[in-house]
Amino acid sequence: MNKIVYVEDDPDVGELIAKYLGKHDIEVIVEPRGDCAQDVILRENPELVLLDIMLPGKDGMTLCRDLRGQFQGPIVLLTSLDSDMNHILSLEMGASDYILKTTPPAVLLARLRLHLRQRAGSTTLQNTPLTPHNTLRFGTLSIDPVNRQVMLAQTEITLSTADFDLLWELATHAGQIMDRDALLKNLRGVSYDGLDRSVDVAISRLRKKLLDNATEPYRIKTVRNKGYLFAPHAWESPVSL
C-alpha cells in the first residue's frame with residue numbers, strides 16, 4: 001500500500017479525500033498545519049506529498065519550496081485557487097503537479113497513481129547496478145538516471161524531480177521534436193489543453209540551469225508551432241550567453 005501525507009486544514013475535506021483514497025489502497029496521513037507538516041513528512045517518509053495552498057502557519061507554496069531539498073518524492077498541490085500565476089509559481093517552487101479541488105475524484109486518483117508509478121520507477125532505477133549504458137553523454141553534459149545526477153562541464157547541476165524527468169524525456173529523444181502534448185502525456189499522463197504553460201516554464205528553467213542562450217537557445221531549441229528539440233551536438237563548444 002502506498003502512503004501519502006496530505007496537508008489540509010479543512011477536516012471535512014481531509015477526511016473525504018483520505019476515505020476515498022483509502023478505498024483504493026492509498027494510506028493517507030492528514031496534517032492540518034503547514035508549520036508542522038515538514039516534520040511529519042520527514043518522519044513518515046511517504047511516497048507522495050499532497051498540499052493545500054492556504055494553510056495555517058506556513059502556506060503550501062513555501063512548504064513545497066522548503067521540502068524540495070529534503071524530500072525527493074512527488075509533491076502535488078491540491079487547491080481551490082484556479083490561477084495561472086499560482087500554477088506557474090508552484091512549478092517554479094518544485095511542485096510535480098497542480099490539481100484543482102473541483103477535479104473529479106477518479107481523475108485525482110489517476111493523476112496521483114501516475115506520480116506514484118513514476119516514483120516507483122525512479123526507485124527501481126536507483127537500485128539498479130550502474131552500468132555504462134545507464135548514463136547519457138552529450139559532449140560536456142552527462143545525465144545519470146541511476147543516481148539522478150546531471151553534470152555539465154564537470155559541474156553538478158541541481159534539478160528538481162520534475163525537471164530531471166523532463167530533461168531525461170528530452171534527452172532520450174535527442175534530435176526529435178517533442179510537442180507539449182507528448183511531453184505532458186509522458187510525464188504527467190494528461191493531454192495538452194492549449195492553455196497549460198507548465199512545459200514552457202519548465203523548459204525555460206532547464207535552459208537557465210544548463211546555461212543555454214536565453215535569447216537564442218541552441219541546446220534545447222524551440223521549433224515554432226511544433227515543440228522542443230534537444231540538440232545532441234550542442235554540448236561540445238563553450239557556452240556563449
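In strand 12 (227–230), Tyr228 is the bridge partner of Met178. That contact belongs to an antiparallel pairing of strand 10 (residues 177–178) with strand 12 over two bridges; strands here are DSSP E runs of at least two residues, helices are H or I runs of at least four, and both are numbered from the N terminus. Two strands count as paired if DSSP finds at least two bridges between them. This is a predicted model, where local features need pLDDT of at least 70, side-chain atom pairs count only at pLDDT 80 or more, and totals for chains, interfaces and linings use all residues. Numbering starts from 1 along each chain as its sequence is written, and side-chain values use heavy atoms, with hydrogens and water left out.

Strand 12 also pairs with strand 11, again in the antiparallel sense, over four bridges. Here Val223 has Gly227 of strand 12 as its bridge partner. The two strands make a hairpin with three residues between them, and Asn225 sits in that loop, between strand 11 (220–223) and strand 12.

Five strands make an open, parallel sheet in the order 2-1-3-4-5. Strand 2 (26–31) and strand 5 (97–100) are at the edges with a single partner strand each, so one side of each has no neighbour in the sheet. From one strand to the next, the twist averages 25°; angles run from 0 to 180 degrees between N-to-C directions, with axes fitted as lines to C-alpha atoms, for helices over the stretch in contact.

At the strand 5 end, four bridges join strand 4 (residues 75–79) to strand 5 in parallel, and Thr79 has Leu100 of strand 5 as its bridge partner. Helix 2 lies across strand 1 (2–7), strand 2 and strand 3, at about 170° to strand 1; contact means heavy atoms within 4.5 Å. In the loop between helix 2 (34–44) and strand 3 (48–51) you'll find Asn45, another non-glycine with a positive phi, about 50°.

Strand 6 and strand 7 (residues 141–144) are joined by three bridges, with Phe138 opposite Leu141 in strand 7.

## Cavities

There are two cavities of 30 Å³ or more. A cavity is a set of points on a 1 Å grid, over the protein atoms alone, where a 1.4 Å probe fits but cannot get out; lining residues have an atom within 4 Å of a point. Points are joined across faces, edges and corners, and the volume is the space filled by probe spheres set on them.

The largest cavity holds about 320 Å³. It has 23 lining residues, and those closest to its centre are Ser96, Ala162, Asp165, Leu187 and Arg188. Helix 5 (105–126), helix 6 (161–171), helix 7 (180–188) and helix 8 (198–209) each supply at least two lining residues, and helix 6 gives the most, with five. By type, the lining splits into 10 nonpolar, eight polar and five charged residues; Ala, Val, Leu, Ile, Met, Phe, Trp, Tyr, Cys and Pro count as nonpolar, Asp, Glu, Lys and Arg as charged, and the others, Gly among them, as polar.

## Confidence

The chain averages a pLDDT of 86, and 92% of the residues score at least 70; pLDDT is the predictor's confidence in each residue, from 0 to 100. Over residues 128–133 the pLDDT is below 50, and this stretch has five contacts in the model beyond near neighbours in sequence.

How values were computed:
1 Å grid on protein atoms, 1.4 Å probe; cavity = no way out; pocket = protein on both sides within 12 Å on 5 of 7 lines; lining within 4 Å.
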